[in-house]
Amino acid sequence: MRTPVFILLEIVIGAALYLLFRRYGNDYLFFAGYTVLQFIVLATAWNILGGYCGYVNFGTAGFFALGAYSSVFFYTLAQSLEDVVPESLQAPLKAILPLPVPVLIIIGGIVAGLIGLGTGYLTLRLRGVFFAIATLALAVVLQTIMVNWEFVGGSRGAYVIPPNAVPVFGPYIQYLFVLMSILVIIALTAARLIERSRLGYGFATIRDDELAAEASGVPTLKLKLIATVVSGALMGMAGAPFPFYIGYVEPDSAFNLSYAVNAIAMPMIGGTTSWVGPLIGAILLGTLQQIATVTISSALNLLIVGLLLIGFVIVAPSGIIGLWQSWTRKKTS
Amino acid sequence: MEFDLLINAIIAGILLGGFYAAVTAGISISFGMLDIVNIAHPAFIILGSYIVYIVNISFGLDPIIVSILVLPAFYILGAVVYQVYYLSFEKFGQESLRGLAFFFGLLFVTEVCLLLVFGVDYRSVNAPYIGSSLTFGGIEFPYRLLVPFLVALAMFVALQIFLSHTFIGRAVMAVSQDPMALRLMAVDPTRIKRIAFGISIATASLAGAFLIIIQPVIPSVGRDYIGRIFAICVLGGLGSLPGTIIAALLLGVIESITSTFYGPSWAPAVSFGILLLTLAVRPSGLLGR
């Protein structure tokens with residue numbers, strides 16, 4: 001399928017979903033749908049580095065929170081402009097603040113991408129596990145900084161009050177839903193493009209045998225950095241609208257470990273070699289969790305995710321896609 | 001006054017460092033010697049803390065004695081986890097991506113299980129030496145730090161003797177470097193790794209007892225230790241027990257000074273700074289080969 005056709009198809013599906021929810025559903029569907037869409041973006045982003053290059057990122061929550069907190073920063077800045085900014089700067093800032101959410105998404109992406117670049121540059125030259133450990137520690141440190149940074153709420157957290165409604169879309173949650181759908185389209189298209197380009201083949205050589213790739217002239221460090229930046233930026237973009245979705249951001253919720261677990265579990269369960277895997281994993285696991293949170297309890301549904309992750313990496317290393325492929329192969333032969 | 005504060009911070013840091021060394025010992029074996037990136041290690045430590053807690057609260061046994069009694073159980077647990085890890089990942093050379101995800105899942109599942117059973121309340125233990133302290137020349141040595149420090153040192157000496165003076169110990173040090181040579185000596189590398197991994201998890205039982213003696217414990221506290229553990233392990237030089245002790249004491253002192261002079265909420269950032277610095281400047285660590 002050509003890329004423009006693919007994008008068109010995504011838009012059609014997204015629009016159909018939106019109209020369906022609007023016609024037959026209620027606001028709760030949009031709230032639940034937003035979470036699932038958010039997980040599609042996170043899982044796809046994780047997979048660009050983890051699935052394509054084979055480098056494990058445990059810091060999804062950190063990158064996600066970077067996006068969320070950059071939004072909180074600009075929101076708080078708009079609220080307390082008179083107190084914190086020198087007078088000469090107030091007029092130009094007043095003209096652009098408060099920033100619209102799409103701009104905040106781009107800013108969140110840039111911030112997370114830059115942090116990814118820095119961490120990657122220091123640790124990606126070493127063995128893969130060092131990068132994994134560094135990302136894990138990165139999340140803890142970013143959390144420490146946010147806990148100590150009073151301007152964005154510190155450990156008490158910050159309130160972000162979204163407007164009740166926006167023109168055209170109506171309720172604010174529907175507007176966020178549409179924005180997140182657009183992010184899903186961007187993430188899926190990017191992942192699919194990477195997969196079929198020279199870049200993707202470069203990533204695959206790193207995953208399969210980095211030493212051989214380096215020896216045959218593949219610029220491995222450069223490729224790994226590209227993957228880290230793209231993946232981190234997408235996670236930051238997914239985090240940027242989060243304060244407006246939840247209304248109240250505190251370090252424990254923004255840096256919740258469940259983001260990291262889900263971002264790893266979803267591609268692992270779906271299958272890591274293609275963009276379809278994280279999509280399937282995120283839809284299945286995301287929907288399952290929404291149902292489990294409502295019907296059972298939120299602690300128990302996290303246990304289910306953890307157990308599914310362990311079960312799948314042991315029993316079905318290629319995920320659902322792998323199971324499907326071996327099943328269809330058996331059928332034809 | 002300022003000087004007194006500094007001396008006390010350094011002493012507290014050294015005592016804390018002994019505890020950090022005990023926490024890191026298991027990782028030094030599994031990550032440093034066996035090349036198994038067991039990021040679930042903190043979860044096993046917290047599990048140890050809660051077992052100590054249950055027994056201490058119901059029977060009043062001393063936390064450290066409890067942890068020594070459950071050492072064999074932790075050893076068996078470690079051996080089982082390694083067997084699963086070996087059969088599912090290591091055998092096929094898939095440890096880098098799926099093995100890591102496996103341990104991450106294990107970390108998460110253990111934490112959620114403890115959360116479901118014990119809730120989010122802080123739990124602590126009773127022992128005669130918690131609360132009082134030894135005062136020596138105007139400097140305070142709190143027993144709740146001193147006792148873990150001494151037991152941790154004893155554990156390290158025992159481990160070091162085991163590794164350098166017994167056949168199995170030497171085989172453990174050799175296994176990640178040259179499994180082929182081990183095979184030629186008629187030793188099964190998998191068996192050696194299973195034993196070593198069992199020992200590494202067994203140290204988590206002791207470390208868990210230390211942890212709950214030093215501070216009240218909640219299920220999620222393990223995560224705070226991941227950065228520290230790996231920072232110490234990398235800074236000390238992979239697989240070097242003396243390096244681990246030096247690095248742990250160093251980190252303990254730096255953290256203690258940071259929290260005395262800048263506030264305890266900044267302490268977690270120290271380990272990450274050290275980790276990044278080490279990876280950037282000297283990836284082989286202080287005493288690395």
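Predicted model: local features only at pLDDT ≥ 70, side-chain atom pairs only at ≥ 80, totals over all residues.

Residues are numbered from 1 along each chain as its sequence is written, while chains are lettered from A and ligands numbered from 1 in the order in which they are written.

Let's start with confidence: pLDDT is the predictor's confidence in each residue, from 0 to 100. Chain A averages 87, and 100% of its residues score at least 70.

| Helix of chain A | Mean pLDDT |
|---|---|
| H5 (residues 87–96), the lowest | pLDDT 72 |
| H10 (residues 220–239), the highest | pLDDT 93 |

Next, see where the chains meet. In all, 36 residues of chain A are in contact with 35 residues of chain B; contact here asks for C-beta atoms, placed from the backbone, within 7 Å. On the chain A side, helices H6 (101–123), H7 (128–148), H13 (257–270) and H15 (298–315) each supply at least two residues. H7(A) gives the most, with 15 residues.

Now look at helix H4 (residues 71–88) of chain B. Its 18 residues should span 26 Å at 1.5 Å a residue, and its end C-alpha atoms are 26 Å apart, which agrees; the expected span is 1.5 Å times one less than the number of residues. B:Phe74, B:Gly78, B:Val81, B:Tyr82 and B:Tyr85 of H4(B) are buried (20 or more other C-beta atoms within 10 Å of the residue's own; exposed is 12 or fewer, partly exposed in between, with C-beta atoms placed from the backbone). On the other side of H4(B), B:Pro72 and B:Leu87 are exposed.

Finally, strands E1 (residues 133–136) and E2 (residues 139–142) of chain B run antiparallel, joined by 4 bridges; strands pair if DSSP finds at least two bridges between them. B:Thr135 has B:Glu140 of E2(B) as its bridge partner. In this hairpin, with 2 residues between the strands, B:Gly137 takes a positive phi near 60°.

Key:
Contact = placed C-beta atoms within 7 Å.
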